[in-house]
Amino acid sequence: MVKLFDAAEVAKHNTSESCWVILYNEVYDVTDFLSSHPGGPSVILRLAGQDATEDFDPVHPPGTLDTLPQDSKLGQVNPETLSPPSPSPASSAETSALVASAATDEDHRPPLASLLNLDEIEQEATKRLSKRAWAYYFSAGDDYVSKNFNNTVYRDIFLRPRVFIDCTNCDLSTTLLGHKVGVPFFCAPAAMARLAHPDGERGIALAAGRFNALQIISNNASLTPEQIIEGAGPGQIFGWQLYVQNERAKSEVMLRRINAIKDRFKFIVLTLDAPVPGKRELDEKSNVERGYNVQTAERGAKAPQRPGGGGVGQQLFFGTASDLTWKTTLPWLASHTDLPIILKGLQTHEDAYLAAHHAPQVKAIILSNHGGRALDTAPPAVHTLLEIRKYCPEVFSKIEVWVDGGIKRGTDVVKALCLGARGVGLGRAPLFGLGAGGQAGVERTLEILEAETATCMRLLGVHKISELRPSLINARRVERDVYDGESGMDKRGLWTRSKL
């Protein structure tokens, strides 16, 4: 017989010595799980003795509870004893206003077809996302310098259209790592998609399938890889993002899972631009405003302390290894997967040069500053592209070079491709598409970008991706700001000095 608990009885178990939570009307004793929770014990302790379903559901893949020991499930809560959740004191008035405005917004939800660019998609999503979700998606490091510059740098590159060219037909298809894709842009890894909409990463996957677009699934996705790829279209391919864990065995278990689905997962993306989390104050502030103090919550659990207010980003990075090196990490990866490796987060030509030395294990690199969410004032991908062209252009012939960060228009995509990028990543855009309308919102996002890219290519006098070249753009204004110092490519003895 299932034991029935009153909510008041559950509420007494609210310490690190005895921690119970209610999830989907079931009562769980998670005391022994506190120290091993990937997000740290404080996330659970803040909800100890309470119904934690609303916080748990959007950030944990279905089936997560099955991993808990069988005896941790104590019984069910008597639903009649549950009180409706009360807003935190700091946000009660705001919540009431949001509820009222949400009802009004539902009556006036604009058709997705009326949203004409990615900024309008983001504006619509912002109306509908919870404050916590919006803060996590929108936030960036320190003063947002890198985040903003990622986009504005494209405004300083000018196009050089050719005329008297038949532009009737335009083919956006290309290949990424030898796999044919329908568009030159891809969905970059972005965590916690179900914070935006229940469709989550699977909604992104189904939308990407309509365009035969590649998707890289985040290490911190809110659905399992198996759930995300379910129903994917024929020929649709995926990559898996890896954050190596301090406990290497955890990463090795995940690599085995991905190795077992090689018909869909064609490569591993090793993220290197965030060995520690950046200081994302907006994200951290959202937890403080919810009455949550990390240091206070974790002190009782004897857990490692984390800086700042402990936003979603801080929680996700807990346990991530910061001791990766060229010498040790790539051989370790080679011993656990034979899938091609893509290194994400390179921000200098020197590191691009070193990465090319590790071909064929390393097949591609993604020039990225983590969407401006890690080291603020780090360079945009465009600067690194120009550095590579200046110091070691042979890299482009040895490995594929992809970019992400700041893409808002089809002209941005075309400019990156003209500079030598093979693929262009979209991070926040699919998430805001989800927020605006679930899977259909992501489809609208990709549809807009596809049409803008095709229009730009036609007006440039280009029929296909392979015809895009540096002579179609003028990047002189940006080149003035690109690194102009001594190259360190020969300092580590891995290659001879570049022939330039």
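An open sheet of four strands shows mixed pairing and the order 1-4-3-2. Strands here are DSSP runs (E, at least two residues), numbered from the N terminus. Two strands pair if DSSP finds at least two bridges between them. Strand 1 (4–5) and strand 2 (20–23) form the edges, each pairing on one side only. Strand 3 (residues 26–29) and strand 4 (residues 73–77) run antiparallel and are joined by three bridges. Within this pair, tyrosine 28 stands opposite lysine 73 of strand 4.

The model is predicted: local features need pLDDT of at least 70, side-chain atom pairs count only at pLDDT 80 or more, and totals for chains, interfaces and linings use all residues. Residues are numbered from 1 along each chain as its sequence is written, and side-chain values use heavy atoms, with hydrogens and water left out.

The largest nonpolar core holds 103 residues. Such a core is a set of buried Ala, Val, Leu, Ile, Met, Phe, Trp, Tyr and Cys residues joined through side-chain atoms within 4.5 Å. Buried means under 20% relative accessible area, exposed over 50%, and partly exposed in between (1.4 Å probe, protein chains only). Tyr137, Leu343, Ile365, Leu367, Val395, Val403 and Leu468 touch the most other members. Helix 19 (residues 428–460) gives the most to this core, with 13 residues. Helices are DSSP runs of H or I, at least four residues long.

Beyond its neighbours within four places in sequence, valine 403 has contacts (heavy atoms within 4.5 Å) that include Tyr154, Phe186, Leu367 and Val424.

Lysine 285 belongs to helix 11 (residues 281–288). Its relative accessible area is 47%, so lysine 285 is partly exposed. The C-alpha atoms of lysine 285 and alanine 135 are separated by 8.5 Å, although the two residues are 150 residues apart along the chain.
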